[in-house]
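Hello,

Here is the structure for you to look over. My notes follow below it.

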Amino acid sequence: MQTNLADFIRNTPDGNEADAILRNCVHCGFCTATCPTYQILGDELDGPRGRIYLIKQMVEGAAVTRSTQVHLDRCLTCRSCETTCPSGVQYGRLVEIGRKITEEKVTRPFSQRMVRRLLASFVPNSALFTPTMRLGQHVRALLPKKLRDKVPARQRALEWPTAHHPRKMLMLAGCVQPSMMPNVNIATARVLDALGVETLIAPEAGCCGAIRLHLGYHDEALDDVRANIDAWWPYVEQGVEAIVMNASGCGATVKEYAHLLRDDPVYAEKARRVTDLTRDVAEILPEFEEALVAVTRRRAIHTVAFHPPCTLQHGQQVRGKVEHLLAALGVEVRLPADSHLCCGSAGTYSLTQPRLSYALRDQKLERLQSQEPQVIVSANVGCIAHLQSGTSTPVAHWIELVEHMLST
C-alpha cells in the first residue's frame, strides 16, 4: 500500500510508524474473516481492512469525520487480525494512531465525553474504584441487572503466603482485580510459593495504562506507564527474575512499554528492561511443570472449557500453554469453536459499545457451554467478569483452579 503522508504527521514518530505499517498491507482481506465486529455488522468499514483505509485517508490529509471515529470506536482492539495477517501488519498500533488523530480532530458528543472522562478517571484509580466496588458487592442483590453484571460477587479471600524464598518475582496487582477478584493474585502467589518462588508487589504500582490508552487519553496513559516503571525499578535493580502478569490485558500492555516510551530519553532504556522481564503466568509455570505435577493432588478431574483472551493469544502471542499445563495436571480442557474470537469484554468496551459487547458475549457463552464444562476458565479479569454476567456456570481464572488442586 503506497502512502503520501500529510504535512501534519510527516516525519513524526506516529507518521513514520503509520507509514511503515500501511506499506505492509497488501489488501488481501484475510483479516475480515477473523474480525468479530465485521462478522456481526457485515460492514467493510467495521473490519480491519476498511479501518486501515480510513486511517490511510486521514494520515494523507483527508477530512476526519464523526463517521470515521465511530468505525474506529467499534474496534475491540482484539488483534485477531494480526494473528491472521500473512504480511505481519501491526494493526493494533495503527488503530491507536488513528484514534489519536480522531480525538484531536473530531469533537465527540457531550455525553460521550463525560462517560469516557469518568471511566478514565475512575476505573484506573483504585482509591476510588475499590470502595465503590465494595459497596456495590454489599448491595449487589438490590442492583438492577445491567449494573449487577458489572459487580462480581465478593470472594472470600485466601491467605497470602508468608514464606520467604531466595527466588523472587514481582507481580502487578492491577487497578480493578484486587477488589473484583482478589483470589487471582493470591492464588498466583500461593502457586509460586509452593514452587519455591516469593511473590512481591510494589505498593506504588497502579494501572498498567491500558484503560486510558484505549480511551484516547494517551498522555495520561504514559504517566501511568512511567509511574509503574518508577515503582518497579528498585525491585528490578535488586534482581527479580520476572514481572508476573495474571491479567492478560495488563500483560499485553506492559509488554508494549518499550514501544510506548521509545522516544523518552529518561525512560526508554528502563522501559525496555521492564518489557524484557514481563511474562504472563502461563509463560512461567511451564518451566515448573514437573515440580507442579509432583505437588498437586488430583483428587477430582475437572472438565473445563477454556476461553483464551485475545490479549493472551493475539496480543501476547501466547497459545497452548494453559491448555498443556492443565492437561498435565489431569484436567480435561475443551476449546470451543471459534476460540480465536473475542468475548466482547475488551476493557471498557462493554460500557461504551454494549450492544456489540453483549452480542459477542452471548455468542461466546453458547459455544463454551456446548462443551458441557464444570467450570469455564479464562486468563483476564475483564473476560471472566463479562462471561460470568451471562451464565450460572462458574467462571474463574485458570490459576485459581491450579491453586485449588494444590490445597485440596
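Which hand does the crossing of helix 3 with helix 4 have? Helix 3 passes helix 4 in a left-handed crossing. (Left-handed: the near helix is turned anticlockwise from the far one by less than a right angle; right-handed if clockwise.)

Some ground rules. This is a predicted model, where local features need pLDDT of at least 70 and side-chain atom pairs count only at pLDDT 80 or more, while totals for chains, interfaces and linings use all residues. Residues are numbered from 1 along each chain as its sequence is written, and side-chain values use heavy atoms, with hydrogens and water left out. Helices (H or I, at least four residues) and strands (E, at least two) are DSSP runs, numbered from the N terminus.

Helix packing

(Under 35 degrees is roughly parallel, over 145 roughly antiparallel, 65 to 115 roughly perpendicular, the rest oblique.) Arg 51, Leu 54, Ile 55 and Met 58 of helix 3 meet Thr 68, His 71 and Leu 72 of helix 4. Contact here means heavy atoms within 4.5 Å.

Helix 3 also packs against helix 6 (residues 91–105), with axes within 10 Å and a crossing of roughly 50°. That crossing is left-handed. On the helix 3 side, the contact includes Pro 48, Ile 52 and Val 59. On helix 6, Tyr 91, Leu 94 and Gly 98 are among the partners.

Four strands form an open sheet, order 6-5-7-8, with parallel pairing. (Strands pair if DSSP finds at least two bridges between them.) Strand 6 (332–334) and strand 8 (395–397) stand at the edges with a single partner strand each, so one side of each has no neighbour in the sheet. The twist averages 35° from one strand to the next. Three bridges join strand 5 (residues 303–306) to strand 6. Ala 305 has Arg 334 in strand 6 as its bridge partner. Helix 23 (residues 381–388) lies across strand 7 (375–378) and strand 8, at about 170° to strand 8.

Domains

The chain divides into domain 1 (13–105), domain 2 (126–283) and domain 3 (290–405). The bounds come from an automatic or database domain assignment. The centres of domain 2 and domain 3, taken over C-alpha atoms, are 19 Å apart. Across that boundary, 30 residues of domain 2 are in contact with 26 residues of domain 3.

Best wishes

Notes. Axes are lines fitted to C-alpha atoms, for helices over the stretch in contact, and angles run from 0 to 180 degrees between N-to-C directions.
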